[in-house]
Amino acid sequence: MIHKHLLRPDRLRQIPATFSWVDHRLIRHAHLRRCEPRAWALYLFLVSVADVQGLSYYSDGALTRHLNCDGLALAAARQQLIDADLLALHRPLYQVLA
């Protein structure tokens with residue numbers, strides 16, 4: 001069994017006052033411009049499956065099947081989200097960051 005723990009407690013996601021399933025700051029702070037569409041597909045998937053703390057632990061195999069991509073495309077998408085400071089990873093755990 002996987003023990004879940006926050007990777008970045010300082011970046012715990014919380015529902016913003018202007019409630020939306022996906023945070024409005026992604027657009028207002030131009031995060032969308034920093035990543036390719038495949039990265040946003042990964043981000044949306046992880047937001048959709050994450051628990052209340054933004055944590056999930058899907059394997060690369062499951063992610064490539066769900067996103068209809070290969071391992072290289074998944075790795076590139078994941079790295080774009082990490083570089084944009086929107087995702088933390090400590091295998092097998094992902095944390096979608098605030």
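This is a predicted model: local features need pLDDT of at least 70, side-chain atom pairs count only at pLDDT 80 or more; totals for chains, interfaces and linings use all residues.
## H3 against H4

Two packed helices are described by the angle between their axes and the distance between the axes. For helix H3 (residues 60-67) and helix H4 (residues 71-83), the angle is about 95° and the axes lie 10 Å apart. Angles of 65 to 115 degrees count as roughly perpendicular, so that's the label for H3 and H4.

Who does the touching? On the H3 side the contact is made by Asp 60, Leu 63, Thr 64 and Leu 67, and on the H4 side by Gly 71, Leu 74 and Arg 78. Sort the residues of this contact by class and you get three nonpolar, two polar and two charged.

## H2 against H4

Helix H2 (residues 37-49) also packs on H4: their axes come within 8 Å and cross at roughly 80°. H2 and H4 are therefore roughly perpendicular to each other too.

From H2, the residues involved are Arg 38, Ala 39, Leu 42 and Tyr 43. They meet Ala 73, Leu 74, Ala 77, Arg 78, Gln 80 and Leu 81 of H4. By class, this contact has seven nonpolar residues, one polar and two charged. If you're browsing the structure, look at Leu 74 and Arg 78: both sit in the H4 contact with H3 and in the H4 contact with H2.

## The buried side of H3

Which residues of H3 are buried? They are Ala 62, Leu 63, Thr 64 and Leu 67. These buried residues pack against H2, H4 and strand E3 (93-96). Of them, Leu 63, Thr 64 and Leu 67 also turn up in the contact with H4.

Just past the end of H3, Asn 68 takes a positive phi of about 55°.

Notes: Residues are numbered from 1 along each chain as its sequence is written. Side-chain values use heavy atoms; hydrogens and water are left out. Axes are lines fitted to C-alpha atoms, for helices over the stretch in contact, and angles run from 0 to 180 degrees between N-to-C directions. Helices (H or I, at least four residues) and strands (E, at least two) are DSSP runs, numbered from the N terminus. Angles under 35 degrees count as roughly parallel, over 145 as roughly antiparallel, 65 to 115 as roughly perpendicular and the rest as oblique. Contact means heavy atoms within 4.5 Å. Ala, Val, Leu, Ile, Met, Phe, Trp, Tyr, Cys and Pro count as nonpolar, Asp, Glu, Lys and Arg as charged, and the others, Gly among them, as polar. Buried means under 20% relative accessible area, exposed over 50%, partly exposed in between (1.4 Å probe, protein chains only).
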